[in-house]
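Work through the following exercises with the sequence and the model open side by side.

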Amino acid sequence: MPSWPVNQWYVAAYSEEIGDGLLGRTICGEPLVFYRTGEGEVVALADRCVHRRYPLSLSHLKDDQIVCGYHGFTYDKTGACVAAPAQKRIPRTARVPAWTVREQDSLVWVWIGDQELADEALIPRAPWLDSPNYTVVRGMEPLKARYSLLVDNLMDLSHETYLHGGYIGTPEVAETPITTEVDEDANVVYVSRHMDDAECPPFYSKSTGIDGRITRWQDVEYHAPCLYLLHSRIAPAGVLPPQEGPDDKAFHVEVTYGITPSTEHETLDFWMVSRDFALDDEEVTEFLATNNHTVVMQDVVALDLLEKVVEGEKENYQELSINIDTGALAARRILTKLVAQGEERTAAAKAVTAP
């Protein structure tokens, strides 16, 4: 049984990554090839020719069909083989699996599991990613670490003080208690940390121009298993949201992560930073892109190291958890539940379709 839940949506790519060519990417242990048809539809097929297993992502597109770069087997967008070399009769079994994909909020989502169970209504939203009211910087870093380590990392932001000091971390992040709520039905964990009088880290002082101490709010939503949202509010100390009307005295940053398992020991870390201020300021855009990439790479180094530690530890090793881990522990419980539910739904679907 894989460690990730099946029958779930996962972020596979940014929309702009899938254009005229072929994109190979392993999602939840499935080597997939993505491409966009002439009509703009995104297609996901198994990245392996049925003939001699050649990766289709290393082949080429012709008229919305993939022509295998080894012997020329040709597949349409449904995965059906429509041409084979030196013969007109196509073997009935000449087909590669096709996956259900959807584009939403500038992200390409793929349904991993029983394709008959795919439900578009279950894709979580991040509408600011393609809103004209926000400017977005983004990137993707592969981790040589299991996805649960990245979930732990993001659910406990107290690590900002120590791992990201000088960028986004200040003493108040680690010193301020958190509140945690869990929506078991929706599989969402909420973690909040509100700092009323905090040091302004360079990430925000240089991008907003605030000179002095700040009111800093961090409100996390983790939509298990794949989407993480951090609603960040920054304002001069003492400036709180009005009882009514827009919160226009504050700066808002939406930090979004797509946490996608690639293999049991590798993760695709999609990171995005959206802001509702200085929308056309290229200097701010460049600063946030560079600064956040540095922060992400600090996490990458730490999590890659942790993966080696976890892999090498003895069975039944007991770690210690404290109050700051409440959100991460809730996320773990939900993921464990979703893994079990995914297996049960797949087994039930197979039982219904069995002769």
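A residue is called buried when its relative accessible area is under 20%, exposed when it is over 50%, and partly exposed in between, with a 1.4 Å probe and protein chains only. The model is predicted, so that local features need pLDDT of at least 70 and side-chain atom pairs count only at pLDDT 80 or more, while totals for chains, interfaces and linings use all residues. Residues are numbered from 1 along each chain as its sequence is written, and side-chain values use heavy atoms, with hydrogens and water left out.

**Exercise 1.** Decide whether Leu157 is buried or exposed, and list what it touches.

*Solution.* Begin with the location: Leu157 is in the loop between α1 and α2 (160-163), where helices (H or I, at least four residues) and strands (E, at least two) are DSSP runs numbered from the N terminus. Its relative accessible area is 6%, so Leu157 is buried. Taking contact as heavy atoms within 4.5 Å, and not counting residues up to four places away in sequence, Leu157 touches Val173, Arg193, Gln218, Val220, Tyr228 and Leu230.

**Exercise 2.** Describe how α1 packs against α5, and name the residues that make the contact.

*Solution.* Helix α1 (residues 147-155) and helix α5 (residues 282-312) pack at an angle of about 130°, their axes being 10 Å apart; axes are lines fitted to C-alpha atoms, for helices over the stretch in contact, and angles run from 0 to 180 degrees between N-to-C directions. Angles under 35 degrees count as roughly parallel, over 145 as roughly antiparallel, 65 to 115 as roughly perpendicular and the rest as oblique, and therefore α1 is oblique to α5. On the α1 side the contact is made by Leu149, Leu150 and Asn153, and on the α5 side by Asp299, Leu303, Leu306, Glu307 and Val310.

**Exercise 3.** Determine where Asp63 lies, and what its phi is.

*Solution.* Asp63 lies in the loop between β5 (60-62) and β6 (65-67), and its phi is near 55°, a positive value in a residue other than glycine. With 65% relative accessibility, Asp63 counts as exposed.
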